[in-house]
Amino acid sequence: MTNNDIQTLVDKYLAGATSPQEELQLAAALQQQAELPAEWQAVSLMLGELTQGEAEYDAIIASRQPASGKPSAMLIALRFISSAAAIYLIGLFIWLQLQPAPKAQMAYTPKVEQSQPAPQPAYCTEGTPREILMCYIEHRKAQPDTYKQLKQMNYENQ
């Protein structure tokens, strides 16, 4: 802004015909000047700290704004990550709310005879993984009732 433009705004301000936007322009122009004439110093004091503070704030904000209006890639990535995290947390909250309530314990639980745990059999411990698997399958076929007994005990305890 040239000195003539500033003088025009000063005259208009002293006449009381400036708008708030023009006062901000005048305050910003007066802040940018290295040496102010006495008349302009008086106008600067009349504008007050608030108007000068607003002009300084506007200058700072204008210098911080990026040249283009598009958000940066980092900002887009952060928005995407935060949105995904929010959706995940909401889904987790809803899923936890839909979990069934635990079943009540029975007052009486029948005692099941427990003998000492069977020692690990010496069979099915050596050989290739396929041989160990085949040995295990043959052993399970030889004792088909074990699974049924466990299933029956589990059903009775529920």
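Colleague: How many salt bridges does a search of the whole structure find?

Modeller: This is a predicted model, where local features need pLDDT of at least 70, side-chain atom pairs count only at pLDDT 80 or more, and totals for chains, interfaces and linings use all residues. Residues are numbered from 1 along each chain as its sequence is written, and side-chain values use heavy atoms, with hydrogens and water left out. A salt bridge here is a side-chain nitrogen of Lys or Arg within 4 Å of a carboxyl oxygen of Asp or Glu. Over the whole structure, the search finds one.

Colleague: Which residue forms a salt bridge with Glu22?

Modeller: Side chains of opposite charge can pair when their charged atoms come close. For Glu22 and its partner, the closest N and O atoms are 2.8 Å apart. The pair links helix 2 (residues 20-32) to helix 1 (residues 3-14), helices being DSSP runs (H or I, at least four residues) numbered from the N terminus. The partner is Lys12.

Colleague: Is Lys12 buried, partly exposed or exposed?

Modeller: Buried means under 20% relative accessible area, exposed over 50%, and partly exposed in between (1.4 Å probe, protein chains only). Lys12 has 31% relative accessibility, so the class is partly exposed.

Colleague: What separates the C-alpha atoms of Asp58 and Leu24?

Modeller: Asp58 is in helix 3 (residues 38-64) and is partly exposed at 38% relative accessible area. Along the chain, Asp58 and Leu24 are 34 residues apart, and their C-alpha atoms are separated by 8.9 Å.

Methods. Helix = DSSP H or I, 4+ residues; strand = E, 2+ residues; numbered from the N terminus.
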